[in-house]
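These are my notebook entries on one chain, written while I had its sequence and its structure open side by side. I went from the helices to a single residue and then to the chain as a whole.

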Amino acid sequence: MRLTHLADYAVVIMTAAARRDAGERLSAAELAEETGVPLPTAQKLMGKLAGAGLLSSVRGAGGGFTLARPEQQISLADIIEAVEGPIAMTQCSGSDEVSDCALDAHCRVKPHMNIVSNAVRGALGAVTLHSLASNQ
């Protein structure tokens, strides 16, 4: 399993935000400059992270973004899902719907793939933003 560039960049942005003082307002421009993430990408990601409830945004003079929860309460899984959607190891994981997989009609593994996806999500959920930010 490999993270997409967007998920990777989201982790980079969130760890940079977590290293700031609690409640400090951040702009996409500041985080883009600090992390090297291109500004349009940083803006897009910060919007997605805010939409997922991981960042809070304040408009107007003195506005910006802050962490919506303490960094100990934000997991790596939360960040990845904010950008990529639910963690699933295969297209059919956790789905009773018919997929476009050629094996779908006869697959005996499909009913159990949600176990694998849940295990991966659990492992990623055990990694907090706090631990990511303090190890960099």
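This is a predicted model: local features need pLDDT of at least 70, side-chain atom pairs count only at pLDDT 80 or more; totals for chains, interfaces and linings use all residues.

Residues are numbered from 1 along each chain as its sequence is written, and side-chain values use heavy atoms, with hydrogens and water left out.

**Entry 1, layout.** I counted six helices and two strands in the chain, and reading along the sequence I wrote the pattern down as α-α-α-β-β-α-α-α. Along its principal axes the C-alpha trace spans about 60 × 25 × 25 Å.

Which residues of α3 are buried? I take buried as under 20% relative accessible area, exposed as over 50% and partly exposed as in between, with a 1.4 Å probe and protein chains only; by that rule A42, L45, M46 and L49 are buried. They lie on the same side of α3 because they cover an arc of only 105° around the axis, the arc being that of the directions from the helix axis to the C-beta atoms. I noted the general rule beside this: an α-helix has 3.6 residues a turn, so residues three or four places apart point the same way. On the other side of α3, P40 and G51 are exposed. The buried residues of α3 pack against α1 (5-18), α2 (28-35), β1 (55-58), β2 (64-67) and α4 (76-84), where contact means heavy atoms within 4.5 Å. Just after α3, I saw that G53 takes a positive phi of about 80°.

I then picked out M46, which lies in helix α3 and counts as buried because its relative accessibility is 1%. Not counting residues up to four places away in sequence, M46 touches I13, L26, S27, A28, L31, L55 and F65. For M46 and I13 I noted a separation of 33 residues in sequence and of 8.2 Å in space, C-alpha to C-alpha.

The 14 residues of α1 reach 20 Å from first C-alpha to last, close to the 20 Å expected at 1.5 Å a residue. The buried residues of α1 include A10, I13 and M14, and its buried residues pack against α2, α3, β1, β2, α4 and α6 (129-134).

Is α4 largely enclosed or open? Seven of its nine residues are buried, so α4 is largely enclosed by the rest of the structure; I listed these as L76, A77, D78, I79, I80, A82 and V83. They pack against α1, α3, α5 (113-125) and α6. G85 follows α4, and its phi is positive, near 90°.

Buried residues make up 33% of the 136 residues in the chain. Among contacts between residues at least 6 apart in sequence, 60% join residues at least 24 apart.

Notes
Helices (H or I, at least four residues) and strands (E, at least two) are DSSP runs, numbered from the N terminus. The expected span of a helix is 1.5 Å times one less than its number of residues.
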